[in-house]
Amino acid sequence: MQQILERSDRAVPWGPDTVGLPEAPSDSALARINDVAFYANARNEVSTLASVCADLLHLHSPAGENEHRCRGCRLPWPCPTFGEIARLIS
């Protein structure tokens, strides 16, 4: 997650009307390579992150139909983990 955040901070925003690589504030070849690497990997990384979030939400769901405890941590449901993940992805 930290790598995604770091690379996205260094990458130039890519708007919907952009074709190819957007203009960068720097002509540095290294900056452009970082941008290309970010865009090339973003789709897979976001997909992986979404899968992890879905797995965590499943793990931190109610243990049973009439049970009001979290399946993963056994705290009263909705547990703090479920609440925080739901807040972050909403």
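Reply: A salt bridge is counted here when a side-chain nitrogen of Lys or Arg lies within 4 Å of a carboxyl oxygen of Asp or Glu. The model is a predicted one, in which local features need pLDDT of at least 70, side-chain atom pairs count only at pLDDT 80 or more, and totals for chains, interfaces and linings use all residues. Residues are numbered from 1 along each chain as its sequence is written, and side-chain values use heavy atoms, with hydrogens and water left out.

First, the setting. The chain has three helices and zero strands, where helices (H or I, at least four residues) and strands (E, at least two) are DSSP runs, numbered from the N terminus. The order from the N terminus is α-α-α. Confidence is given as pLDDT, the predictor's value for each residue, from 0 to 100. The chain average is 77, and 67% of the residues score at least 70. Among the elements, helix α1 (residues 2-10) has the lowest mean pLDDT, 63, while α3 has the highest, 88.

Burial is expressed through relative accessible area: under 20% is buried, over 50% is exposed, and anything in between is partly exposed (1.4 Å probe, protein chains only). Of the 90 residues, 17% count as buried. The chain exposes about 6700 Å², of which carbon and sulfur atoms supply 58%; these areas come from the Shrake-Rupley method with a 1.4 Å probe, and for residues only the protein chains shown count as cover.

Now the loop itself. Ser-61 is located between α2 (29-59) and α3. With a relative accessible area of 12%, Ser-61 is buried. Contact here means heavy atoms within 4.5 Å. Apart from neighbours within four places in sequence, Ser-61 is in contact with Arg-69, Cys-70, Arg-71 and Trp-77. Across the chain, residues 24 or more positions apart account for 30% of the contacts with a separation of 6 or more.

Arg-74 belongs to the loop between α2 and α3 as well. Arg-74 is not a glycine, yet has a positive phi of about 65°. Its side chain meets that of Glu-67 in a salt bridge, 2.6 Å from N to O. As a general point, side chains of opposite charge can pair when their charged atoms come close.

The structure holds two salt bridges. The other pairs Arg-87 with Glu-84, again with 2.6 Å from N to O. Arg-87 and Glu-84 are three residues apart in helix α3 (residues 80-89), so about one helical turn separates them. Glu-84 is partly exposed, with a relative accessible area of 36%.

Pro-78 lies in the loop between α2 and α3. Trp-77 also takes part in an aromatic pair. For such pairs, rings of Phe, Tyr and Trp (its six-membered ring) must have centres within 6.5 Å; planes under 30 degrees apart count as stacked, over 60 as edge-to-face, and the rest as tilted. By this rule the count is one aromatic pair. That pair is Trp-77 with Phe-82, tilted, at 4.9 Å centre to centre and 50° between the planes. Trp-77 is partly exposed at 30% relative accessible area, and Phe-82 is partly exposed at 22%.

The cysteines remain. A disulfide is a pair of cysteine sulfur atoms within 2.5 Å, and a search of the whole structure finds zero of them. Cys-79 is in no disulfide, and the nearest cysteine sulfur, that of Cys-70, is 3.6 Å away. Cys-79 is buried, with a relative accessible area of 2%. Cys-53 is also buried, at 19%.

Ala-54 is in helix α2 and is partly exposed at 43% relative accessibility. Ala-54 and Ile-85 are 31 residues apart in sequence and 9.5 Å apart in space, C-alpha to C-alpha.
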